Amino acid sequence: MNTFDLDSFFPKEKLQLIKAEQTNDIIHIYLKSKTKSCVCPKCGQSTEEYHGTYVRHVQDLPILGKNVQLHIKAHEYKCTHTDCNASTIAENFNGFLNYYSRMTERCADFICSLALETSCEGCSRICKVLFFEVFQAYLQVVLLSFFHKAYQQTLLHLQKELSFLHCTH
């Protein structure tokens with residue numbers, strides 16, 4: 001008998017699947033953080049100083065025509081760097097969910113691709129038909145984030161090329 005392994009869709013080293021429930025139109029997936037430390041996004045310092053927990057409600061891609069909502073019991077940490085002005089730090093599940101994001105990276109990537117191929121308004125309408133609501137203002141934020149990442153990657157690539165050229169001459 002084939003089974004559907006939900007664990008394979010989440011970073012196992014950072015998140016533990018607690019349970020999954022479904023209603024008529026929504027699948028709720030409950031996850032719990034397994035992390036023991038966090039890196040401050042402002043100063044880059046790693047910290048193990050635990051501050052507390054909170055539940056993050058996150059949109060993921062639809063499954064079988066149903067909206068998917070993740071409920072992640074995440075940790076907050078305290079930045080221990082004396083010169084840093086960050087008081088608490090929300091966990092970052094790299095490649096899956098960024099700091100304070102309300103949408104998984106795969107969901108944001110899908111929406112960004114769809115918006116680039118259509119328009120923000122068209123993307124918003126298509127997402128609504130696919131059982132998840134995306135507001136046009138949020139699409140603009142997702143697209144700006146996408147272009148910022150692409151710009152940073154291009155700069156990094158150019159720096160590597162320039163340093164390579166500098167070394168060979």
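Guide: Let us begin with a single residue, bearing in mind that this is a predicted model. Tyr-77 has a relative accessibility of 1%, so it counts as buried.

Visitor: Is Tyr-50 buried or partly exposed?

Guide: Tyr-50 counts as partly exposed, because its relative accessibility is 45%, and the term buried is kept for values under 20%.

Visitor: How does one describe two aromatic rings that form a pair?

Guide: The description rests on the distance of the centres and the angle of the planes. In this structure there are 2 aromatic pairs. In one of them, the ring centres of Phe-10 and Phe-96 are 5.7 Å apart and the planes stand at 85°, so this pair is edge-to-face.

Visitor: Where in the chain do Phe-10 and Phe-96 lie?

Guide: Phe-10 belongs to the segment before S1, while Phe-96 is in the loop between strand S7 (88-90) and H1. The pair thus links distant parts of the chain, 86 residues apart. Phe-10 is buried, at 7% relative accessibility, and Phe-96 is likewise buried, with a relative accessible area of 6%.

Visitor: Why is the pair of Tyr-50 and Tyr-77 called edge-to-face?

Guide: The planes of these two rings are at 80°, with the centres 6.3 Å apart, so the pair is edge-to-face. This pair, too, links distant parts of the chain: Tyr-50 is in strand S5 (residues 50-63) and Tyr-77 in strand S6 (residues 66-78), 27 residues apart.

Visitor: How should I read the pairing of strands S1 and S2?

Guide: A general idea comes first: in a regular strand, side chains alternate between the two faces of the sheet. Here, strand S1 (residues 15-22) and strand S2 (residues 26-33) run antiparallel and are joined by 7 bridges. Glu-21 stands opposite His-28 in S2.

Visitor: How many residues form the hairpin that joins S1 to S2?

Guide: The hairpin passes from S1 to S2 through 3 residues.

Visitor: Over the face of which residue does Lys-19 lie?

Guide: Lys-19 is placed over the face of Tyr-30, at 5.0 Å from the ring centre.

Visitor: What is Glu-105 in contact with, leaving aside its neighbours within four places in sequence?

Guide: Glu-105 is found in helix H1 (residues 105-117). Apart from those neighbours, Glu-105 is in contact with Gly-95, Phe-96, Leu-97, Asn-98 and Lys-149. Its relative accessible area is 13%, so Glu-105 is buried. Phe-96, one of these contacts, is also the partner of Phe-10 in the edge-to-face pair.

Key:
Residues are numbered from 1 along each chain as its sequence is written. This is a predicted model: local features need pLDDT of at least 70, side-chain atom pairs count only at pLDDT 80 or more; totals for chains, interfaces and linings use all residues. Side-chain values use heavy atoms; hydrogens and water are left out. Helices (H or I, at least four residues) and strands (E, at least two) are DSSP runs, numbered from the N terminus. Buried means under 20% relative accessible area, exposed over 50%, partly exposed in between (1.4 Å probe, protein chains only). Contact means heavy atoms within 4.5 Å. Two strands pair if DSSP finds at least two bridges between them. Rings of Phe, Tyr and Trp (its six-membered ring) pair if their centres lie within 6.5 Å; planes under 30 degrees apart count as stacked, over 60 as edge-to-face and the rest as tilted. A charge sits over a ring if NZ of Lys or CZ of Arg is within 6 Å of the ring centre and within 35 degrees of the ring normal.
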